[in-house]
Amino acid sequence: MALPLAFLLTLLVLSCRATCSLGCELPPTHGLGHWKALRLLTQMRRVPLFSCLQDRKDFGFPERAFDGEQVQKAQAMAVLHEMTRQISSLFSPETTPAPWQKSLVEPLRTVLSDQLRDLGACLTGEVGEQAPAMELEDPTVAVRRHFHSISLYLREKKFSPCAWEVVRTEVMRYFSSSAHLLERMKSKE
């Protein structure tokens, strides 16, 4: 099921507004990366999701890592960087080939690389603003654990087209959650 254009445009506006006001120097094009990634991920859909119902899995998405009330700005940038790094790793050339056209995967890798560069620069600017130790688990550890379970799932399913479809859907969920996190960080300022 393709995402409605209105949803994509809303996500674009939210992510652009949020990234442009976080106090770090994310370029104005950073917010467009979310839209490009969502568009590419939508185009990558190869298998109808309803035919993969038996392969669905709850990966335990780390909702707390995206809780704008609990996460400080420096942590938010670290979470976004780690999530983007993990997604980039999923779509790396070293990963067992996914069932998608190279003409879609390569631009997605480029978008992810650009976002990693932007977030990495922002992270180095936020080092002095470390959040106080939380009693909860470090959000970046939760993100790593989340993506480790996705990698195990893909191996367990022998990198089947349905397994990749489930993962593609999960990755789209990341972009939505990250846009919301950025918006909450902006509103806290």
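Predicted model: local features only at pLDDT ≥ 70, side-chain atom pairs only at ≥ 80, totals over all residues.
Student: What is the mean pLDDT of the protein?

Tutor: The mean is 75. Of its residues, 68% reach 70 or more.

Student: Which elements have the lowest and the highest mean pLDDT?

Tutor: Helix 1, residues 5-19, has the lowest, at 39. Helix 5, residues 139-156, has the highest, at 90.

Student: And where is the pLDDT below 50?

Tutor: Residues 1-22 are one such stretch. Even so, the model gives this stretch 43 contacts beyond near neighbours in sequence. Residues 127-136 also stay under 50. For those, the model has ten contacts beyond four places in sequence.

Student: Switching to H146. Where is its place?

Tutor: H146 is in helix 5.

Student: Buried or exposed?

Tutor: H146 is buried, because its relative accessible area is 3%, and the cut-off for buried is under 20%.

Student: What is H146 in contact with, leaving aside neighbours within four places in sequence?

Tutor: F59, G60, F61, P62 and E170. As for M83, its C-alpha atom is 9.4 Å from that of H146. Those two residues are 63 apart along the chain.

Student: Now charges. How many salt bridges does a search of the whole structure find?

Tutor: Eight. One of them joins the side chains of K157 and D55, at 3.1 Å from N to O.

Student: What does that K157 and D55 pair tie together?

Tutor: Parts that are 102 residues apart in sequence. K157 lies in the loop between helix 5 and helix 6, and D55 in the loop between helix 2 and helix 3. K157 is partly exposed at 26% relative accessible area. D55 is buried at 8%.

Student: Which residues are linked in a network of salt bridges?

Tutor: E82, R85 and R144. E82 and R85 sit three residues apart in helix 3, so about one helical turn separates them. E82 is buried at 6%, while R85 is partly exposed at 37%.

Student: Last one, rings. How many aromatic pairs does the structure hold?

Tutor: Four. Ring pairs link F91, F159 and W164 into a cluster.

Technical notes: Residues numbered from 1 in each chain as written. Heavy atoms only, no water. Phe/Tyr/Trp six-rings, centres within 6.5 Å; stacked < 30°, edge-to-face > 60°. pLDDT = per-residue confidence, 0-100. Helix = DSSP H or I, 4+ residues; strand = E, 2+ residues; numbered from the N terminus. Contact = heavy atoms within 4.5 Å. Buried < 20%, exposed > 50% of the residue type's maximum accessible area, 1.4 Å probe, protein only. Salt bridge = Lys/Arg side-chain N within 4 Å of Asp/Glu carboxyl O.
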